[in-house]
Amino acid sequence: MRALAGAAKGARMCGIVGYTGKRQALPFLLDGLRTLEYRGYDSAGVELEADDGELAEVKCRGRVAALAELCSGLPGTQTTGIAHTRWATHGEPSDANAHPHRDCSGRFAVVHNGIIENYQELKAELEGTGHSFKSETDTEIIAHLVEEAFRGPAKGSLETAVGLAAARMQGSWAIACVSSEEPGAIVCARKGSPLVLASTDEGAYAASDVTALSNITSRVINLEEGQLARLEPSGKITVYNADLSVVAEPDGFTIDWDASAATIGGYPDFMAKEIAEQPAAIERLLEGRLGPDGIVLDGLSLPLDEVAAIDRIYIVACGTSWHVGLLARTYIERWANIPCVVECASEFNYEEQLVSDHTLCVIITQSGETADTLASARKMHARGAKVIAITNVLGSTAARESDGVIYVQAGPEIAVASTKAYTAQLVAAALLALFLAKANGSMPLRVVRDHYREMLRIPELIRIVLSRAWQDEVAARAFTDAQSSLFLGRGVSATTAREGALKLKEISYLHAEAYPAGEMKHGPIALVEPGYPVVVVVPESPVRDKTISNLREVDARGACVIALATNGDVRVAQLADYLLLVPPAPEWMSPIVDVVHLQMLARYVALARGCDVDKPRNLAKSVTVE
Ligand code: M6R
């Protein structure tokens, strides 16, 4: 098992970019911030450094577009700079709280992603020695700590000063720092919040994630827990351990998608693009997965006898990925006969688990950086369990810290609302279940093959659903005057209902409650009044008739019924106000196909309500705070 770094307590969803080299820094910094916008933020800023070390700072509350506007008057000759998008935690979103932050002398400027938990003590101490502060942020103390260390024990070395500052801090951080004392240098540090670096003939780069670097290079260095790095205009990058000894071979990896994958192409928004990309993403994931002995999952690298002995699985995830976990349990319990517990990570971390030598923990995380999910994995590792990750992001913390990984290969997911990662993760979960079932003898190879061949039909079934987007556009009218809505389903479709409700809530700000259809009469049915929108997920399945009974119950009370049903289902068609039709599919597979309608429905409702479907308010793509 790989040794794990200390548990991170949390970090902001902020974005950092940095550049030093031969080119003008500002265009890269602004482009980089634009690519990181999807992470969620409320203010943005940039610090540029001229060859003589003179620093120039521009920052504001609001969008990167507003920052770019403010920067338009700058000469643009600076070739070193750091920039930041801030998602407020300490202090309201404001110009003053936006990063970068400087020390008293104005010679050190810092951008930071993370939370400094002991900042109040440090601030009091610094104020006691004459430092004064301009913002309410925890970040500002870093600049002052660097200033103190630089003129004291660091003896004029920027990396030593940043290292000494980091040694005083508790919490989590990715930091980039520039100083007029060392023109051209950027010093970075990481604990708990990701930071990647790259070197080219043009200079050296830093960013919170690879999307900001993907049109620069395909080879990046991953700054590991506790490490620091010094970037120089020549492109030289020196990585240090916390004690400032040089790391001979920094951890590097290759970005496996091209830059165009993170651009919007001809689509109206990233969500539309990512919904449309689902068939191709799943084809990519399924390709070559059937070998002579069953499902091939190269990244798992667990000894087969250990896999065969697994007798309990904890599946941990957040949000949409937790919904994947609910279905992963169904697949694993049905096919591999291994009891599973599914828990959202924020709850899991404060509960007791039963761990033996044969316990496996499966974390599911699109970004691979969700703080709660990572904390769960670290907890289970510390208890001696093996941990495997289902993730979309190559080289993410989840991937690096796990004993095995299944990359879902969906390509960059930029819209905050997860769509293609959800369906790809479901397919990965099904592959994992088949892999386990074959390994422990629960399923003969012949049946594994049959299931795999069935799965090969998923892309085509999704294409059929995509071609029926008009049905969702029409059904979106049911929500025009709604204040709230209900999503119902039974069995595997209960999870589809949950995911549909989450999508609607997060991008349209319309309340949506998901309930197992049979439970509805124990409470939520009181919500139903004439015109109240109720989405009923009722594809062909063993529980279809039962769900139709529930559909009748809401219909009888005047609900506006939006029914997701299988082609030719006349009974459902007669009861529904709006129909979302899906092609026939095996029951276990139907959630992967059906949810596409609900993604499109949520998008149309959100658009009709004038919402930004890619960047919903208050949300961040990667939730790196506990
Ligand atoms: O990156 P992760 O899969 O760990 O993210 C988990 C959730 O934050 C995420 O699924 C969130 O619920 C999405 N916005 C849902 O669309």
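How do the residues of the lining of the second largest pocket divide into nonpolar, polar and charged? In this predicted model, they split into 10 nonpolar, 6 polar and 6 charged. Let's look around that pocket, and then visit the largest one.

**The second largest pocket**

This pocket has a volume of about 420 Å³. Its lining is made of 22 residues, and the ones nearest its centre are Asp-31, Arg-34, Thr-35, Ala-262 and Thr-263. If you are tracing the chain, find helix 1, residues 25-36: this helix gives the most to the lining of the second largest pocket, with 6 residues. Two domains take part as well, since at least three lining residues come from each of domain 1 (15-255) and domain 2 (262-456).

**The largest pocket**

Now move to the largest pocket, with its volume of about 590 Å³. Here 29 residues form the lining, and nearest the centre you will find Cys-318, Gly-319, Thr-320, Lys-621 and Val-623. Several elements give two or more residues to this lining, namely helix 9 (319-336), strand 19 (359-365), helix 11 (371-382), helix 13 (420-439) and helix 17 (492-508). Helix 9 gives the most, with 4 residues. By type, the lining of the largest pocket holds 12 nonpolar, 12 polar and 5 charged residues.

**Side by side**

| Pocket | Volume | Lining | Gives the most to the lining |
|---|---|---|---|
| Largest pocket | about 590 Å³ | 29 residues | helix 9, 4 residues |
| Second largest pocket | about 420 Å³ | 22 residues | helix 1, 6 residues |

Definitions and conventions
Residues are numbered from 1 along each chain as its sequence is written. This is a predicted model: local features need pLDDT of at least 70, side-chain atom pairs count only at pLDDT 80 or more; totals for chains, interfaces and linings use all residues. Side-chain values use heavy atoms; hydrogens and water are left out. On a 1 Å grid over the protein atoms alone, a cavity is a set of points where a 1.4 Å probe fits but cannot get out, and a pocket is an open set with protein on both sides within 12 Å along at least five of seven lines; lining residues have an atom within 4 Å of a point. Grid points are joined across faces, edges and corners, and a volume is the space filled by probe spheres set on the points. Ala, Val, Leu, Ile, Met, Phe, Trp, Tyr, Cys and Pro count as nonpolar, Asp, Glu, Lys and Arg as charged, and the others, Gly among them, as polar. Domain bounds come from an automatic or database domain assignment.
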